[in-house]
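Subject: Structure handover

Hi,

Here is the structure we talked about. Please open it alongside this note. My findings follow below.

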Amino acid sequence: MLRRPAQNTSELLSLSYANSRSHLLSNLLTSNNSSVFEKHSLLSFTSGKGTLYIQDIPVPVKKGTTLLLHPRTRIQLTGDEQLDGIHISFDVFARGCNQPATALNSLFPYGQPIPIRPFAQYVHLLEQHAGLEEYTSDELQQFRQQIIVQELIVLLLENAQTVRKNPHPDESVRATIQYIGQHYTESLTVEQLATQAGMARSQYSSRFQSITGYKPLDYITRLRIEQAKTLLMLTDDPLREIARSVGFSDEYYFNRRFSQMTGCSPKQYVRQHRSDRSFISTWNASITSPDTRSENLWPAPPVQAPSDLEHAAVPSFPSTQPVADHLVLVPSKSTSHSPKIVTMGSMVGHILTLGIRPVGAELTIIRHQVVYRNQLQLIEDVGVINSASVIAGLEPDLIIYEHRSDAMKELLEQVAPTLTINPASNTAEQLRCIAKHVSEEQRAEQWIAHYEEKHEQMWRRLGRKTGTEESATVLLDLEGEWYVMGIQGFPLTLYHPLGFTPPERVASLMKNQVRFLQIQKHELADYAGDRLFVLTSSPRRHDAHLRQLLEQTSWADLPASVRAHTYTTNAKWNFDDPITRDRLLKVMPRILKHPLT
């Protein structure tokens, strides 16, 4: 008795197969033009490997691959000299119909590459069919042909059922997204992923794009390029090693794809973002700037821009642009558990301030840099490659996303309700917005009021030590390259009505919402205030070394009073989250007690 699928039995038994013919697939390799199959077609590859273009969509094929195609399917085949197999064309008739059917029921895996097991049994049936006369009036021969085609179809359906692991197609696709996140460094094909999902390649690609916003191969490439960016910033590995480590077997192909996606070569990217090494984000958020040399530094997270700043100091939290451009409330639930939150960007300190520990956050770069490292325990690192599958696996109730791209926002919205934070808004506004969506408004207002009070008290105590209306400049030293800080990080604690004011040129940067500006060594004196605060990424850089670096700049030409009021501290204080800003209030007096010696 023939084996048959348990589902749709009556419909399967109502089908009959006729007019079947066998053809060698190698015959298709002799033509550079596409072919159109007028009948149902069963393509079974018995040797070699190549690419089958189905309606111009490439499908990798090799020994053991079998596909069922609709009538009127256009195909083209390319491959090596060993590529061959059997193409069986046949008509399918439903009971009571005189015309061949154009499509069978949903159980039939059209266009889906199916690996057949046991393949030897399948090949034996193919050979039997090929050994029969193509045209015969012998009813017994015709009956034998039909039985063989039926057995081939049964084997195809049985194997197709084994790759249908999940009942809902989207769940199957999400499982492959998670697989990609874990195996993107390996060789991956759409055929392989579609097979894992148990669906046709075209159906898989369509569902994949609807979930992620990208075609499968584009998604994999973006994943690899994003990880390569991180490695370029954090390591000095040769380009070929970085290419291989993220899944590119060819350095030159990696270089070309990197250039296509980023607009610059990997080496150019490193030169342009060299200061990102060890603590600058690879984010690509936009910022209005009067100078092309200004960039988006990190770990000074995206922060507030004063609405009107000339030479006056600014309050703790100046008014800014709207804090969120996309608000999504956390759906109410009958359970009383704390909301499961994932933070994307520099929002982890905000949510911790509200008394909530996120289940996941981007920690790969900041884990060893922020001042609250001891509070990051039990938080899953979702990485810097933004794998939606990793985030989805945490089953978040809410994703808090510091905006960097619309595509990523749309991808996250497919995973869970997403609160998109405007990176140009200030710390207090960001905190209020997040608090509103997790029902912690009172805690947020308490922190803001307490911080502003402590900020003012600190400057009242320090006022007699800072002089009258003194200006101050914050410089960032990154491996010998120099940056003037604007509306980001450390300066926001310095600039206060009772504290320091920004010098004229820095005030101009802040008015134009410039986060920071890279300067040449000879330009340092042009931005210097009455006092200088130098942030360094290296916790081991001692005063003598830093002084030596400064003396190679125009700092040496500054008045002795300025050089005598130059201070240094770690760049970890350049974050803008509530925890860092609060702790900096305790550290600032100590910094001011110890000028550079």
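Is Glu445 buried, partly exposed or exposed? Glu445 is partly exposed, with a relative accessible area of 36%. Here buried means under 20% relative accessible area, exposed means over 50%, and partly exposed is in between (1.4 Å probe, protein chains only).

First, the basis. This is a predicted model, in which local features need pLDDT of at least 70 and side-chain atom pairs count only at pLDDT 80 or more, while totals for chains, interfaces and linings use all residues. Residues are numbered from 1 along each chain as its sequence is written, and side-chain values use heavy atoms, with hydrogens and water left out.

**Salt bridges**

The count is 11 salt bridges. Each needs a side-chain nitrogen of Lys or Arg within 4 Å of a carboxyl oxygen of Asp or Glu.

- Glu445 pairs with Arg432 at 2.6 Å, N to O. Glu445 lies in helix α16 (residues 441-466) and Arg432 in helix α15 (residues 427-437), so the bridge ties together parts 13 residues apart in sequence. Arg432 is partly exposed, at 36%.
- Glu395 pairs with Lys340 at 3.8 Å, N to O. This pair links distant parts of the chain, 55 residues apart. Glu395 sits in the loop between α13 and β14, and Lys340 in the loop between β10 and β11. Glu395 is exposed, at 56%. Lys340 is partly exposed, at 28%.
- Arg443 pairs with Glu440 at 3.4 Å, N to O.

Helices (H or I, at least four residues) and strands (E, at least two) are DSSP runs, numbered from the N terminus.

**Helix packing**

The axes of α6 (residues 190-197) and α7 (residues 201-212) come within 9 Å and cross at roughly 90°. Axes are lines fitted to C-alpha atoms, for helices over the stretch in contact, and angles run from 0 to 180 degrees between N-to-C directions. On the α6 side, the contact (heavy atoms within 4.5 Å) is made by Val190, Glu191, Leu193, Ala194 and Ala197. On the α7 side, Arg201, Tyr204 and Ser205 take part.

**Cores**

A nonpolar core is a set of buried Ala, Val, Leu, Ile, Met, Phe, Trp, Tyr and Cys residues joined through side-chain atoms within 4.5 Å. The largest has 78 residues. Trp482, Phe490, Leu494, Leu524 and Phe533 touch the most other members. A second, separate core has 28 residues, among them Ala194, Val382, Ile399 and Leu411.

Best wishes
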